[in-house]
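User: I am new to this structure. Please walk me through how to read its features.
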Amino acid sequence: DVIDRDNPAALFEHGPLYKFPTTVVYGYGFAALQLGVAWAMLDALRDLAMVKTPRGVTVSLRENPVFQGQLARLEARRRATRAYLFQTADETYRAVAARGSITLEERAASKLATTHVIHESVDITVEAYRAAGSTAIFKDGPFERRLRDAMTASQQTQARAQNFVNLGRLLLNLEPDSMTFL
């Protein structure tokens with residue numbers, strides 16, 4: 001037997017989660033993954049700052065005001081991105097639980113949040129990689145692998161730039177190029 005998760009008649013479970021289309025669920029999954037990679041990258045950058053003094057510089061990363069400001073901005077972006085994702089997921093889940101179905105507007109809000117979180121998390125990851133300097137290039141360190149993971153996950157359909165085009169069209173009351181992205 002084959003189960004079509006997006007066919008309500010084929011579902012055995014009928015809780016709110018099962019009212020979400022597969023592409024929305026995958027979007028939340030990839031967004032959470034990217035957010036986790038960005039978080040781990042910032043943790044590794046903070047750890048590095050405690051021990052690294054860049055070549056030709058007299059103060060450690062930890063004592064460098066430029067680095068301090070950069071780290072704080074990256075952390076603020078990570079926290080804002082996480083809050084946006086969690087708020088959208090919570091609001092959508094509660095609405096679906098109360099109503100028993102997901103609306104086009106809720107699907108679009110979820111897609112906007114997840115696509116944005118994926119892109120923002122990749123940007124945070126790349127900036128943290130660059131802030132680590134040459135330490136980041138080594139395969140046995142925490143930076144290189146996380147950068148590859150972020151780049152690999154960002155190639156999924158959930159992160160397509162076309163998602164923003166379709167969402168922008170919906171925001172302007174125009175038909176999207178494709179409804180399959182929702």
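User: Which residues line the second largest pocket?
Analyst: A pocket, on a 1 Å grid over the protein atoms alone, is an open set of points where a 1.4 Å probe fits, with protein on both sides within 12 Å along at least five of seven lines; lining residues have an atom within 4 Å of a point. Here the lining is L17, F20, V25, Y28, A89 and Y93. Helix 1 and helix 2 each give two or more of these residues. Helices are DSSP runs (H or I, at least four residues), numbered from the N terminus. This is a predicted model: local features need pLDDT of at least 70, side-chain atom pairs count only at pLDDT 80 or more, and totals for chains, interfaces and linings use all residues. Residues are numbered from 1 along each chain as its sequence is written, and side-chain values use heavy atoms, with hydrogens and water left out.

User: How many nonpolar, polar and charged residues are in that lining?
Analyst: Six are nonpolar, none polar and none charged. Ala, Val, Leu, Ile, Met, Phe, Trp, Tyr, Cys and Pro count as nonpolar, Asp, Glu, Lys and Arg as charged, and the others, Gly among them, as polar. The space is about 150 Å³.

User: What lines the largest pocket?
Analyst: L104, E105, A108, A109, L112, L167, L170 and L171 do. Helix 3 gives the most, five residues. Helix 5 (161–171) also supplies at least two. By class, seven are nonpolar, none polar and one charged. The volume is about 170 Å³.

User: Is T114 buried or exposed?
Analyst: T114 counts as buried because its relative accessibility is 1%. T114 is in helix 3. Leaving aside residues up to four places away in sequence, T114 touches G27, Y28, A31 and L85. Contact means heavy atoms within 4.5 Å.

How values were computed
Buried < 20%, exposed > 50% of the residue type's maximum accessible area, 1.4 Å probe, protein only. Points joined across faces, edges and corners; volume = space filled by probe spheres on them.
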